[in-house]
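Work through the exercises below with the sequence and the model in view. Each task is followed by a solution in steps.

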Amino acid sequence: MNTFDVLIIGGGAAGMSTALVLGSAKNKPFASNKTIGIIIHQKTSALASGIFNNVLGIKPGTTGKEILDEGKKHLAETYPHVFQIEKEKVIKIESKAGSFMITTNKNNYQAKIIIVAVGPSNLFNIEGLNQYVEPHQKLPAAKERIQLKNNDHKVSEGIYVVGVLAGWRSQFSIACGSGASVATDILTEWNNGNPTMVHDAIE
Ligand SMILES: Cc1cc2nc3c(=O)[nH]c(=O)nc-3n(C[C@H](O)[C@H](O)[C@H](O)COP(=O)(O)OP(=O)(O)OC[C@H]3O[C@@H](n4cnc5c(N)ncnc54)[C@H](O)[C@@H]3O)c2cc1C
């Protein structure tokens, strides 16, 4: 598949959380025909070197590597309609007649909405997004981290940023919440502006 309604770029805490919430709306009429993809590059995730003792719902001692592996499996098994694109890195975004062309090191994709979840590294270099880069406002200046200019996660029409790159401090739950928040913004948009959340309840 090469054309998406929404394409998430980055498969760390924020990107996978966005994908899970978007995927969970599959039975809603306004979302059932939407195509959702995630470029699930995980090579440079901050999770990779962490061990997690302070996250609700995650067993203390769980490694970030386990969260990355389990997250991919969770998404694939629970919401298999969310298309996972492995082993590709985004290098360029172009706006073309109301949608975006996303170029990776291997392929091209088209999407109506893109969600950028690539973390705050100052090595950020995605052509087409570099003009939104600014110094991170909530991390120590000495670390030289960056964020994308945004207003409540919206960078510009059709472009959202989530996770630490959105200007949040680096904590797992904050990054996940940021992704979940944007997912519900997009579901609300698909649902004609009616405030939307997805909850499963015990029968
Ligand atoms: C050593 C360490 C220990 C930590 N311990 C804790 C802790 O105990 N508790 C806690 O709450 N938080 C902890 N954190 C912080 C937590 O890991 C981060 O806050 C969280 O991972 C941020 O999520 P994110 O999605 O913004 O970024 P990331 O998880 O870093 O995800 C970014 C993703 O984007 C991908 N990517 C990058 N460039 C591209 C590209 N061009 N194209 C496509 N994909 C790309 C990367 O491979 C990565 O998977 C720790 C972090 C570190 C480094």
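**Exercise 1.** With which residue does Glu157 form a salt bridge?

Solution. The model is predicted, so local features need pLDDT of at least 70 and side-chain atom pairs count only at pLDDT 80 or more, while totals for chains, interfaces and linings use all residues. Residues are numbered from 1 along each chain as its sequence is written, and side-chain values use heavy atoms, with hydrogens and water left out.

Step 1: apply the cut-off; a salt bridge is a side-chain nitrogen of Lys or Arg within 4 Å of a carboxyl oxygen of Asp or Glu.
Step 2: the partner of Glu157 is Lys154, with the closest N and O atoms 3.4 Å apart.

**Exercise 2.** Is Glu157 buried or exposed?

Solution. Step 1: buried means under 20% relative accessible area, exposed over 50%, and partly exposed in between (1.4 Å probe, protein chains only).
Step 2: Glu157 counts as exposed because its relative accessibility is 65%.
Step 3: Lys154, at 30%, counts as partly exposed.

**Exercise 3.** Describe the salt bridge between Lys112 and Asp5.

Solution. Step 1: the N to O distance between these side chains is 3.1 Å.
Step 2: the pair links distant parts of the chain, 107 residues apart, with Lys112 in strand β8 (residues 108-116) and Asp5 in strand β1 (residues 3-9); strands are DSSP runs (E, at least two residues), and helices are runs of H or I, at least four residues, both numbered from the N terminus.
Step 3: Asp5 is buried, at 11% relative accessible area.
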